[in-house]
Amino acid sequence: MNNNQQQRGFFFNVDWAIVFVYLALCTIGWLNIHSAVFDERHPGFMDLDTNYGKQFIYIVVGIVTGIVILLLESRFFSTFAPVFYGIAVVLLVVVLVVGRNVGGNQAWISLGGGFRLQPSEIAKFATCLLLARYLSGTNVRVTDPRSFLIAGAIIGFPMLLIMLQPDAGSTLVFSSLLFVLYREGISPYFLILEGLFIALFVLTLKLNNLIYIVVGLIVLALIIVLLFRRNRKALPVIITGLAICIAFVFSVNFLYTKVLKPHQKVRIDIVLGITSDIKGKGYNVNQSKIAIGSGKFWGRGYMQGTQTKYSFVPEQSTDFIFCTVGEEWGFAGATVVLGLYLFLVLRIIRIAERQRSPFSRVYAYGVASVIFFHVVINVGMTIGIVPSIGIPLPLISYGGSSLLSFTIMLFVLIKLDSNRMGII
């Protein structure tokens with residue numbers, strides 16, 4: 001490829017569909033933040049004394065960052081993946097020492113002037129990058145135990161540091177990268193096992209009686225043994241699985257009673273129906289559901305939401321921004337927003353499958369997994385079907401760290417895809 005062709009590639013081989021969705025979601029977010037925290041003393045969209053003014057700056061910085069990324073060589077990202085990962089790990093350690101506590105989580109580094117950096121957002125991008133670098137290496141097979149353990153360590157180390165903050169929401173985001181490992185060849189039984197662990201987690205908290213659960217697991221194991229009684233090789237696997245499940249049940253009980261903070265336990269209890277506290281810890285979710293329900297089909301109209309206008313929903317410009325969409329834009333508007341996310345995720349998967357480079361393919365699946373998890377959990381929080389664990393809605397929630405992190409993730413993907421006929 002000569003220099004002229006390479007320069008044309010910067011602008012003519014870009015996936016403009018993703019760029020369009022990116023700009024649409026950023027605009028939707030900016031408008032909804034303006035509505036959610038509107039201040040009559042600062043009516044201007046670009047007033048830097050307001051969150052909507054700051055979000056405009058974040059969007060401009062994001063667009064500039066995206067352009068810079070498109071001007072870089074594609075090899076830059078695979079070459080410096082360990083560096084990005086190392087920087088993210090260092091920042092995750094630094095935040096534990098000098099970080100600012102917000103909402104019970106020591107997850108922010110103050111930059112002055114009202115601006116803050118959340119290292120866990122950077123870690124998501126860096127982990128996707130290094131995981132892609134490792135899994136695309138020579139003689140690396142995720143089905144090989146050694147390769148699987150190293151890939152697991154790449155994902156697990158940031159999770160451990162983030163859990164120490166403690167930020168359960170951001171920690172759980174990294175578990176979505178299991179789908180990347182599945183795409184690269186691990187057995188689907190790992191996904192089934194993850195589903196089993198989720199079920200055991202819920203049952204352990206709901207039943208609050210470990211004896212019943214352990215007996216149930218033993219009975220289930222006996223049934224499986226009877227079904228596979230002619231396959232003697234299956235017996236050690238069944239016994240090992242039973243032991244792991246029982247150990248998991250006891251670890252969940254220990255985590256819930258000894259590790260989780262009181263406010264985190266209350267949020268889980270509310271979602272599981274163990275307790276009701278609509279005037280306390282359940283207030284946010286209850287008001288969010290009222291706001292979304294009041295929007296009906298077409299919504300109340302921009303800047304006309306009563307729950308939004310009178311600040312009945314806390315954190316409405318960040319974690320609960322989707323209830324602003326539901327109240328003011330109604331079911332129709334919420335469907336459009338979710339449709340944009342669905343199109344984005346499916347488009348990224350399509351991009352992943354057309355890559356010639358394993359590095360680009362693995363990275364694309366990492367980006368799709370993280371975005372999908374964020375959307376499902378955030379929307380689930382606002383309608384009360386998952387615990388309120390405090391993760392933003394990609395590109396829509398207020399926050400510079402989140403917006404820039406997703407911007408970098410997407411534009412690196414766009415850059416890699418623009419060079420898909422080359423070698424990374």
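How much accessible surface does the protein have, and what share of it belongs to carbon and sulfur atoms? The accessible surface comes to about 21,000 Å², and 67% of that belongs to carbon and sulfur atoms. Accessible areas here come from the Shrake-Rupley method with a 1.4 Å probe, and for residues only the protein chains shown count as cover.

Before going on, a word on the model. It is a predicted one, in which local features need pLDDT of at least 70 and side-chain atom pairs count only at pLDDT 80 or more, while totals for chains, interfaces and linings use all residues. Residues are numbered from 1 along each chain as its sequence is written, and side-chain values use heavy atoms, with hydrogens and water left out.

Now the overall picture. The secondary structure comes to 18 helices and 3 strands; these are DSSP runs numbered from the N terminus, helices being H or I with at least four residues and strands being E with at least two. Of the 424 residues in the protein, 47% are buried. Buried means under 20% relative accessible area, exposed means over 50%, and partly exposed is in between, with a 1.4 Å probe and protein chains only. Take the contacts (heavy atoms within 4.5 Å) with a separation of 6 or more: 70% of them are between residues 24 or more positions apart.

Next, the interior. A nonpolar core is a set of buried Ala, Val, Leu, Ile, Met, Phe, Trp, Tyr and Cys residues joined through side-chain atoms within 4.5 Å. The largest one has 88 residues, and those with the most contacts inside it include Leu131, Leu181, Ile348 and Tyr363. Helix H17, residues 358-382, supplies the largest share of this core, 14 residues. There is also a second, separate core of 7 residues, with Leu200, Val214, Leu217 and Cys245 among them. In general, nonpolar side chains in soluble globular proteins tend to be buried together.

What does Leu181 touch, if residues up to four places away in sequence are not counted? Its partners are Leu131, Leu135, Val142, Phe148, Ala151, Ile155 and Ile186.

Leu191, in helix H10 (residues 189-207), counts as partly exposed because its relative accessibility is 22%. Leaving aside neighbours within four places in sequence, Leu191 is in contact with Leu178, Phe179 and Tyr182. From Leu191 to Phe179 is 12 residues in sequence and 8.0 Å in space, C-alpha to C-alpha.

On to the charged residues. Under the cut-off used, a salt bridge is a side-chain nitrogen of Lys or Arg within 4 Å of a carboxyl oxygen of Asp or Glu. The whole structure has 7 salt bridges. Asp15, Arg347, Arg354 and Asp417 are linked in a network of them.

Asp15 and Arg347 meet at 2.9 Å, N to O. That pair links distant parts of the chain, 332 residues apart: Asp15 is in the loop between helix H1 (3-12) and helix H2 (16-36), and Arg347 is in helix H16, residues 321-353. Asp15 is buried, at 4% relative accessible area, and Arg347 is buried too, at 19%.

Asp15 also forms a salt bridge with Arg354, the closest N and O atoms being 3.1 Å apart. Because Arg354 lies in the loop between H16 and H17 and Asp15 in the loop between H1 and H2, this pair ties together parts that are 339 residues apart in sequence. Arg354 is partly exposed, at 28%.

The other partner of interest is Asp417, whose salt bridge with Arg354 has its closest N and O atoms 2.6 Å apart. Asp417 lies in helix H18, so this pair ties together parts that are 63 residues apart in sequence. Is Asp417 buried or exposed? Asp417 is buried, with a relative accessible area of 1%.

Now backbone angles. Most residues other than glycine have a negative phi. Asn139 has a positive phi, near 60°, and lies in the loop between helix H6 (119-135) and helix H7 (145-163). Asn139 counts as exposed, at 70% relative accessibility. Leu395 also has a positive phi, near 70°, in the loop between H17 and helix H18 (400-418). Leu395 counts as buried, at 3%.

Last, the cysteines. The structure holds 0 disulfides, a disulfide being a pair of cysteine sulfur atoms within 2.5 Å. Cys128 counts as buried at 2% relative accessibility, and Cys323 counts as buried at 0%.
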